[in-house]
Amino acid sequence: MPIAIMWHRRDLRLHDNAALYYALKAGRPVLPLFIFDKDILDHLDDKRDRRVEFIYKYVLKLQDELQQMGSSLIVRYGRPLEVFQDLAKEYEITNVFTNYDYETYAKGRDAEVAAFLKTVGAGFHSYKDQTLFDRDEVLSGSGKPYTVFGPYSRNWLGKLADPFYLKSYPTEKYFDRLEKTQPLPMVTLTDMGFEGLGENFPKPTVDDALLKQYQKMRDYPAERGTSELGIHLRFGTISIRDLARQAQETSPTFLSELCWRDFYFQVLDHFPHVEQHAFRREYDNIKFLNRPEDIERWEQGMTGYPLVDAGMRQLNETGWMHNRVRMVVASFCIKHLLIDWRIGEAYFAKKLRDYDLAANNGGWQWAAGSGTDAAPYFRVFNPTAQAEKFDPKGEYIRRWVPEYNSLDYPAPIIDHAFARQRVVEMYKEGLKKE
Ligand code: FAD
């Protein structure tokens with residue numbers, strides 16, 4: 001019996017899922033699939049990875065929901081192309097439906113899979129699902145992608161006023177079109193060489209009460225003032241449309257953060273060179289010091305600047321760091337220690353449970369001054385002043401750096417005034433070369 005395949009990736013949910021909706025509507029029985037991508041997993045050195053554990057947990061949930069409806073999820077561990085080559089021997093596949101991914105690796109992977117499917121007479125269809133707007137939906141008056149957030153966000157907000165864009169896809173209406181099958185066998189974390197940490201992940205919802213206080217509370221790392229939904233948005237365990245509707249009714253500031261998220265996806269999509277290079281190419285001329293002992297002290301939270309150290313220790317221990325502190329530690333890494341932003345970016349990529357290439361790259365290039373909305377390079381965060389302003393009672397610092405103010409705490413790794421002057425001169429020199 002010919003079937004269609006719904007390939008889940010960053011969309012581990014059945015509710016309000018664009019590709020699943022179109023797959024079900026197309027008429028053939030639909031069999032959902034998730035692939036633990038060997039090419040990605042093999043690159044993770046730490047086999048106790050929170051993201052892998054999170055994915056596994058939600059894959060199990062999908063499996064359970066599908067089995068309750070008499071269907072099942074195919075779960076494989078391998079290289080996507082090879083998995084599809086195998087599946088094409090087991091099933092008569094008519095079409096594969098999936099949601100679009102904006103990263104260069106993913107685009108290449110999808111092109112390869114689509115080319116293979118064509119050889120067996122199957123179609124490949126992808127849809128916008130993880131963003132509110134993508135590709136060429138929000139362009140400047142001259143038809144070009146925006147490179148500055150302000151005008152992008154005005155255009156984006158204007159479009160969002162049309163409720164059409166926030167409508168959920170009513171997948172539930174067509175669940176009877178899922179392929180009926182016995183439960184299919186699943187790989188386990190151990191089969192893939194991973195171990196669970198028994199992590200308690202944040203819930204996939206946010207209360208209206210938190211969103212109503214968001215603008216007031218979001219900058220204070222000692223408070224629980226942000227949604228901690230990053231990991232759910234990253235793996236699509238909540239719907240961006242549901243969340244944006246809730247934000248429209250409760251918090252324009254929160255909605256604006258979802259706009260930043262879309263913005264960085266569209267930057268990555270239109271300017272893929274940012275994955276390796278400065279968005280503003282001339283910033284690639286800057287020569288960083290990259291001293292191994294500085295990198296080590298920054299990573300371990302031992303710089304002697306308490307807000308920086310608190311942030312890095314929060315990251316190392318929990319896989320999450322507050323946004324205000326992300327800005328401070330990134331700036332410190334690049335501008336105080338003269339460490340290449342790509343080194344800091346890679347460390348965040350390894351540790352952050354909500355790691356997302358587009359937003360992480362955007363955040364790091366912003367801090368480096370080389371990105372779209374970059375802070376001018378001569379603006380250097382003062383980590384002590386930031387701590388006084390955003391952690392005035394020192395609660396956040398004491399939570400993560402208990403030995404602060406004792407003899408065990410290191411002296412500052414560098415003097416702020418000296419570092420400030422040094423980085424300004426270095427940037428000036430580097431940028432002169434253009
Ligand atoms: P909330 O404040 O509750 O915001 C809700 C959601 O909006 C977030 O989950 C996120 O999806 C989105 N969002 C908020 N701020 C931004 C932003 N500035 N840019 C893009 N999207 C945003 N965000 C990531 O999702 N993944 C990353 O890897 C990442 N790396 C970052 C690196 C640096 C150096 C900086 C300065 C920021 C980074 N951010 C990243 C953005 C932001 O810090 C996080 O999204 C936020 O702290 C996550 O916590 P939350 O879910 O409680 O966010």
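Biologist: Of the 434 residues of the chain, what percentage count as buried?
Modeller: In this predicted model, 41% of them count as buried.

Biologist: Thanks! How many helices and strands are there?
Modeller: The chain has 18 helices, along with five strands. Its radius of gyration is 23 Å, close to the 22 Å that the globule rule gives for 434 residues, so the chain is as compact as a globular protein of that length.

Biologist: And what box do the C-alpha atoms fill?
Modeller: Roughly 70 × 50 × 45 Å, taken along the principal axes.

Biologist: Let's go inside. Which residues have the most contacts in the largest nonpolar core?
Modeller: Those are Leu268, Leu307, Val329 and Cys333, in a core of 69 residues. Helix H10 gives the most to this core, with nine residues.

Biologist: What does leucine 307 touch, leaving aside its neighbours within four places in sequence?
Modeller: Its contacts include Val325, Val328 and Pro383, and also Ala387 and Ile397. Gln386 and Asp391 are in contact with leucine 307 too.

Biologist: Which residues belong to the second, separate core?
Modeller: That core has 33 residues, including Leu20, Leu66, Leu73 and Leu178.

Biologist: New topic: the ligand. Which residues come nearest?
Modeller: Of the 27 residues around the ligand, Thr226, Ser227, Asn323, Asn360 and Gly363 come nearest.

Biologist: Which helix supplies the largest share of that shell?
Modeller: H15 does, with six residues. Helices H8, H10 and H13 each supply at least two residues as well.

Biologist: How do the shell residues divide into nonpolar, polar and charged?
Modeller: There are 13 nonpolar residues, seven polar and seven charged.

Conventions:
Residues numbered from 1 in each chain as written. Predicted model: local features only at pLDDT ≥ 70, side-chain atom pairs only at ≥ 80, totals over all residues. Helix = DSSP H or I, 4+ residues; strand = E, 2+ residues; numbered from the N terminus. Rg over C-alpha atoms; globule rule 2.2 N^0.38 Å. Buried ≥ 20, exposed ≤ 12 C-beta atoms within 10 Å, placed from the backbone. Near = placed C-beta within 6 Å. Nonpolar A, V, L, I, M, F, W, Y, C, P; charged D, E, K, R; others polar. Core = buried A, V, L, I, M, F, W, Y, C linked by C-beta atoms within 7 Å. Contact = placed C-beta atoms within 7 Å.
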